[in-house]
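Notebook open, model loaded. I went through loops, helix packing and ring contacts, and jotted things down as I looked them up.

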Amino acid sequence: MGVENGDDDYTQDGTVDLKGNSVRRSKRGGWTACFFVVVYEVFERMAYYGISSNLVIYLTEKLHQGTVRSANNVTNWVGTVWMTPILGAYVADAHLGRYLTFVIASAIYFSGMSLLTLAVSVPGLKPPQCVESNVTDCKKASTLQLAIFYGALYMLTVGTGGTKPNISTIGADQFDDFDPKEKGHKLSFFNWWMFSIFFGTLFANTILVYIQDNVGWTLGYGLPTAGLAISIMIFLAGTPFYRHRVPSGSPFTRMAKVIVAALRKWNTPIPNDPKELYELDLEEYAKKGKFKIDSTPTLRFLNKACVKTGSKDPWMLCSVTQVEETKQMLRMFPILIATIVPSTMIAQVNTLFVKQGTTLDRGIGNFHIPPASLAGFVTISMLISVVIYDRFFVPTMRRLTKNPRGISLLQRMGIGLVFHIFIMMIASLIERRRLGAAKDHGVVESGGQVPLSIFILLPQFVLMGTADAFLDVAKIEFFYDQAPESMKSLGTSYSMTSIGIGNFLSSFLLSTVSRITTKHGHHGWILNNLNASHLDYYYAFFAILNLLNFFFFLVITKYYVYKAEVSDSMEVLEGQLRGMAPAATDQEESRRR
């Protein structure tokens, strides 16, 4: 009997089918299952960015909102889109599981897209056309029109809250950490995952925004809606091939029990021998498809939660593994904070960067480039950078560092943070040139077109894509990889939460800077007329903010402790790079028996 038909063919990471049965590697999972997940993401990202990329233009030209208000409405909505995944992760990890949570959320997502398409199509649901140069002089949208439009937009936030934290996690779950070959595939998964995201984004930032600007918003929003419907059908078609994880209870409750138990035993001494702490038997974890974690000295105070005092109350006594899971989630929190500032920079791409483009010469012959299409260069740059990183940079660094990833995830994130410093410095210099040209040609007060090509903005878009290839890919992989096995969806939501908070921070900074710089009769940095504004100062402020954030990142990463691997697959891969092969761990042997 071959291995593929024997016990060794069963996954050892606790994954099952929808009926709860153990699954074989040869029958489910792997790249076959990931094909459906990745293709889904291409179409879904086309749908999402088909809305978000050009939203600031719709708010300005169709709903007649000013620069600050329209930009803030976009970042507030995008912020909510990226904050709700923490709720979707909770529902998936605690109650419904990732697959069912995803399917229900997809239905809500599609309903919101359909309503939004109606809102931009039916004449009675939007204000009349306006030809005034100053949009503040145009008739505003009615309360009902705004309620329907924003109701549809925020329905999308509920839908994406359930899909975003679970779809990438479902994809990563298709690889068994206990199989070195599949573990090696997982190391590349997030690179190609982000590749698929930006492939869909490229279509949205080029074709869809052109249709919206030149053909009409009905077709421009109708196509993303159809794309989302296709993506959901593709995902459902892959159902027979997926591996699933069983919900393991509320991660928030488990972490709360640890913190409460530790506080209640504030004065209880911690024994020097970790074996004296409370822990379940290894077989107990193996039977439930879970993983035992050894005690660590970091965040030592929480170890009080597993000190035996005679009480079996779960709010008084927790296992070592439960305590270590809580530690893993808390250890990632400073890293989450360090990713908020660069997320604020990303928010500028679809707001102020696009608004800059509206003031420049967009013509190439008789063809006019939609300003939001420049975001396509972020995508192209990111796609190229991911391929170069995965196919050339990683193999080269593997030979030097003997690390299967080439460099560590935090090192990769650090490189992305450095890129963000230079992006905002360059954006400030480019904006200074644009303002100089506006002054030289006498279009400062009129707010007329500046006789410079829109392509002068290209460097800041291209570099943003390169930064994404380092920071964004590493961020989502880091939070997935470092989260406990039973909290993967919640861990993945950390990466999305940082984007959400970053967008809210962008709204706060934009409003605050706009208000402060107009005090005491000053002209202000951010006005509806960008030719009379000082975005160069604003971008320079962002460069300084990024520099300070980078120093903060260096400090917290110096003390960060990576979690222990649940299997020896990484050691096997490292051993192959060094020409060695380590022995299996006790936990792996227990799972094989």
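I started with H64, which sits in the loop between α2 (55–61) and α3 (67–83). This is a predicted model, so everything I note here is computed from it. Phi of H64 comes out near 60°, a positive value in a residue other than glycine. I noted that because most residues other than glycine have a negative phi. Is H64 buried or exposed? Its relative accessibility is 2%, so H64 goes down as buried.

I then looked at K402, in the loop between α15 and α16. Phi of K402 is also positive, near 60°, and K402 is not a glycine either. K402 has a relative accessible area of 29%, so I put it down as partly exposed.

**Helix packing**

Next came the helix pairs. Two packed helices are described by the angle between their axes and the distance between the axes, so I wrote down both each time.

I took α16 (residues 409–440) and α19 (residues 535–558) to begin with: their axes come within 8 Å and cross at roughly 165°. Angles over 145 degrees count as roughly antiparallel, so α16 and α19 are roughly antiparallel to each other. The crossing of α16 past α19 is left-handed. What kinds of residues make up the contact of α16 with α19? I got 18 nonpolar, six polar and three charged.

I stayed with α19 and checked it against α18. The axes of α18 and α19 come within 12 Å, with a crossing angle of roughly 130°. That makes α18 oblique to α19. I have this crossing down as right-handed.

The loop between α18 (488–516) and α19 holds T517. At a relative accessible area of 14%, T517 is buried. I also took a distance from T517 to D179: the two are 338 residues apart along the chain, and their C-alpha atoms are separated by 58 Å.

Then I moved to α1 and α7, which pack at an angle of about 30° with their axes 7 Å apart. So α1 is roughly parallel to α7. Here α1 passes α7 in a right-handed crossing.

I checked A226 too, in helix α8 (residues 217–237). A226 has 39% relative accessible area, so it is partly exposed. How far apart are the C-alpha atoms of A226 and A47? I got 8.2 Å, although A226 and A47 are 179 residues apart along the chain.

**Aromatic pairs**

How many aromatic pairs does the structure hold? I have 40 on the page, and I looked into two of them.

One is W31 with F175: the ring centres are 5.1 Å apart and the planes are at 70°, so I call the pair edge-to-face. W31 belongs to helix α1 (residues 30–52), while F175 is in the loop between α6 (143–172) and α7 (180–214), so this pair ties together parts that are 144 residues apart in sequence.

F393 lies in helix α15 (residues 375–401) and F470 in helix α17 (residues 458–482), so I noted a link between distant parts of the chain, 77 residues apart. F393 is partly exposed, with a relative accessible area of 26%. F470 counts as buried at 14%.

I also found a cluster: ring pairs link F333, F478, F479, Y494, Y560 and Y562.

**Charges over rings**

Where does the charged end of R412 sit? I found it over the ring of Y389, 3.7 Å from the ring centre. I also have K488 lying over the face of Y480, at 4.6 Å from the ring centre.

Conventions. Residues are numbered from 1 along each chain as its sequence is written. This is a predicted model: local features need pLDDT of at least 70, side-chain atom pairs count only at pLDDT 80 or more; totals for chains, interfaces and linings use all residues. Side-chain values use heavy atoms; hydrogens and water are left out. Axes are lines fitted to C-alpha atoms, for helices over the stretch in contact, and angles run from 0 to 180 degrees between N-to-C directions. Helices (H or I, at least four residues) and strands (E, at least two) are DSSP runs, numbered from the N terminus. Angles under 35 degrees count as roughly parallel, over 145 as roughly antiparallel, 65 to 115 as roughly perpendicular and the rest as oblique. A crossing is left-handed if the near helix is turned anticlockwise from the far one by less than a right angle, and right-handed if clockwise. Ala, Val, Leu, Ile, Met, Phe, Trp, Tyr, Cys and Pro count as nonpolar, Asp, Glu, Lys and Arg as charged, and the others, Gly among them, as polar. Rings of Phe, Tyr and Trp (its six-membered ring) pair if their centres lie within 6.5 Å; planes under 30 degrees apart count as stacked, over 60 as edge-to-face and the rest as tilted. Buried means under 20% relative accessible area, exposed over 50%, partly exposed in between (1.4 Å probe, protein chains only). A charge sits over a ring if NZ of Lys or CZ of Arg is within 6 Å of the ring centre and within 35 degrees of the ring normal.
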